[in-house]
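Student: Hi! Could you walk me through this structure? I'm new to it.
Tutor: Happy to, ask away.

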Amino acid sequence: MIINELRPREDYIYIRALTSIRNSLDRLLPPASLPREYLIAEPPENIDADFSYPLSRERVALSDQEKIAKEVSESLSRDLGLSATVQVTAGYLNIKLDSNQYTSEFFREFSSMGDSYGTHGNIRLKIVVEHTSANPVHPLHLGHARNSCLGDTLARLLRFYGTNVETRFYVDDVGRQIAVLVYGLSKLLDEGKSIDTLSSGWKIDHWIGKIYALTNLLVEMNALKKELKNASDEKYRELIGKQDELVGEIARLRDEVPEAFEVLSSKIMQDEEPEKEIARISILYERGDRGVASQYRHIIEKVLQGFKETLERMNVKFDKWDWESDLIWNGEVERILSQARRSPIFSSVKGSEGLDFSLIINEKVKIELNIPKEMEIPPLVLKRSDGTTLYPTRDIAYSIFKFKESKADYVINVVGKEQMLPQAQIRLALYALGYPDLAKRLIHYSYEMVNLKGFKMSGRRGRYITVDELIQKAEEMAKIELERRNRNLDEIQSRAISEKIGIGAVRQSLVSISADKPITINLEDIINFEKNTGPYLQYTYARASSLLRKAEEKGESFAGISEDIDPITWRIIRKESAFPYIIYKSAKELKPEILVAYLGELAQMFNKWYDTVPVLSDPEPSSRRMKLQLVASTRAILKNSLYILGIEPLEKI
RNA sequence: GGGCCCGUAGCCCAGCCAGGAUAGGGCGCCAGCCUCCUAAGCUGGUGGUCCGGGGUUCAAAUCCCCGCGGGCCCGCCA
């Protein structure tokens, strides 16, 4: 999963050095099967060098090794005007750069680029990131938190890199789930009250989540009761067990929304065939029935309002909100269906209209569309027998819409791993229906599930931890930690800071783990404030900021570098000069965790340096000025990175 | 039954794509550091059959094969 078009900007010193070394190796060595820059790395700490390359893998004669060392050194001097001593030790080419020359070049480019340090210019590439897209039937929960943080961070990262990014939220308002909610809610609204009145005291999406879950459970109960009537003895026992479970779930919700429960339970349990009614509503909505549509939209807008509040707290914003139903009403979905009917892979699947991919699928197609070799793709049913559409059908239309409407080069769908198969089917459908290029540029950015220890989450049953609860918990913990330090902050300041720290903790932790690892957490784990966390970065930033504030007050200058650069300082400078490369790499590979890991290392180096090296009290002016420049560059890198992570920098903590 | 992913210290994770120097961080635990720029910090110590077994290679946590354990998917749900 990479964005192939992204290239590193060639005028950063770190990237120039890397390129120069790679070029000289390529000149003297036989062609390699992979770009040699991948293997040019920082050596272990006990080796006194800045870059190294494992020459032993190249099987070159000893005499040639010397020649290579000489060429690498000469080319660095020629290409960058940088003196370097290059030696071969233990099969490694070890390159040691002139730290003074390198440092002054680093500071020069840093000061000339200012706030944009680390970007790669404006790339003519449009990327759509669709993420979160939660069903508007319950509040955002832990799984969505991971989705939102990943999606939003990817969008910010690509934007910072220099591509043109548009974020989109798909309002999934068609299908059974939402119809269940409308069915239940309409029973309550029949009494003549408004949603706002009924939900008073609740955050609207939280209340609606309860109503949805309760409706679902009562509908299930209704069906179960009927099944019980004509069940055999053996079956009866099994169903009774299931009933007990349902009763437990319902009782839990009854206690939370007692008034709604009274109305819903009597009405739904009396209903002869709730499923029929749910299907009827759903069909009417797809047809665009005015009454039903206004009812639907009214309810969904309420839930979206709740989503927006939560997302705003997390610093997540969307450029566009797309309604699934619009794609049906404006004929986009019907167009897909008629294209499908004309396609050679159109077939009858279990008596319904569908696509049979077995006719087009082969190894080449699988590779092109990023589908695993061994994966079997079952046929895709496009329509229910009642004539309504299925989600993948609508999503085919939506995929094309995203490409067309945004004039996108890539569309990234941040969607759970469990939807791997339908996502693959959508790519195949695009491929088969005449959009092979779009199919190749539709990326399923998949992430694994988030679970709570000892707790099975279920939206349908109303069992989940909401993002709002998560955030609140994080903020409370941050506040306690903040106030324990005895700062004289008033309540307003204290709350403002702890909100930002709480979000920092949550956002950093959710993107620091690779997306393909399942997360099982307890709330205390996700929120911590020590090393390698969002708050640690915010703290480091605040430290750097206040140092610079003090320096400015004293009228210090930030120019010039000192004669001798000590090893700790040199390490940080090298690290900081790699920042643009890290941005390039994490953007190209769509891996924010690369950036996060880098930031943890940088912050740690800086804190270590900060503790050992006096800055403001350094009596030597040139050394003091260089140190201040280093603090400034650290601060700038942290600032840009925190922006990418959607975490607010704090000037003071 | 088939597929995808994960398995690295008591716990959480990076490294795997692109094989290379004694396998890195963090948490925890133990011992230190605030008359000095923010102690959400810093220093030192503790802790590893890289799930197991084969294979390829000068060299395997990394590549291949066979297993084991866990998660998810295989619906006219999304």
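Here is our chat about the model shown above.

Student: What should I know before we start?
Tutor: This is a predicted model, in which local features need pLDDT of at least 70, side-chain atom pairs count only at pLDDT 80 or more, and totals for chains, interfaces and linings use all residues. Residues are numbered from 1 along each chain as its sequence is written, chains are lettered from A and ligands numbered from 1 in the order in which they are written, and side-chain values use heavy atoms, with hydrogens and water left out.

Student: I see a sheet with β1 in it. What is the strand order?
Tutor: The order is β1-β3-β2, an open sheet of three strands with antiparallel pairing. Strands here are DSSP runs of E with at least two residues, helices are runs of H or I with at least four, and both are numbered from the N terminus. Two strands pair if DSSP finds at least two bridges between them.

Student: Which strands stand at the edges?
Tutor: β1 (51–54) and β2 do; each has a single partner strand, so one side of each is left without a neighbour in the sheet. β1 and β3 are joined by four bridges, and Phe 51 sits opposite Ile 95 in β3.

Student: What packs on that sheet?
Tutor: Helix α1 (residues 13–28) does, touching β1 and β3, and its direction makes about 30 degrees with that of β1. Touching, or contact, means heavy atoms within 4.5 Å. Axes are lines fitted to C-alpha atoms, for helices over the stretch in contact, and angles run from 0 to 180 degrees between N-to-C directions.

Student: Where is Ala 90?
Tutor: Ala 90 is in the loop between β2 (84–89) and β3 (92–97). Its phi is near 50 degrees, a positive value in a residue other than glycine. Ala 90 counts as exposed, at 76% relative accessibility. The cut-offs are under 20% relative accessible area for buried, over 50% for exposed and partly exposed in between, with a 1.4 Å probe and protein chains only.

Student: New topic: is strand β4 buried or exposed?
Tutor: Five of the five residues of β4 (residues 126–130) are buried, so the strand is largely enclosed by the rest of the structure. Lys 126, Val 128 and Glu 130 lie on one side, with Ile 127 and Val 129 on the other. β4 pairs with β5 (residues 164–171) in the parallel sense over five bridges, and Glu 130 has Arg 168 as its bridge partner in β5.

Student: Last one, helices! How do α7 and α11 cross?
Tutor: The axes of α7 (residues 204–229) and α11 (residues 290–313) come within 8 Å and cross at roughly 125 degrees. That makes α7 oblique to α11. For angles, under 35 degrees counts as roughly parallel, over 145 as roughly antiparallel, 65 to 115 as roughly perpendicular and the rest as oblique.

Student: Which residues make the contact?
Tutor: α7 brings Ile 204, Asp 205 and Ile 208, while α11 brings Ile 299, Lys 302, Val 303, Gly 306, Phe 307 and Thr 310.
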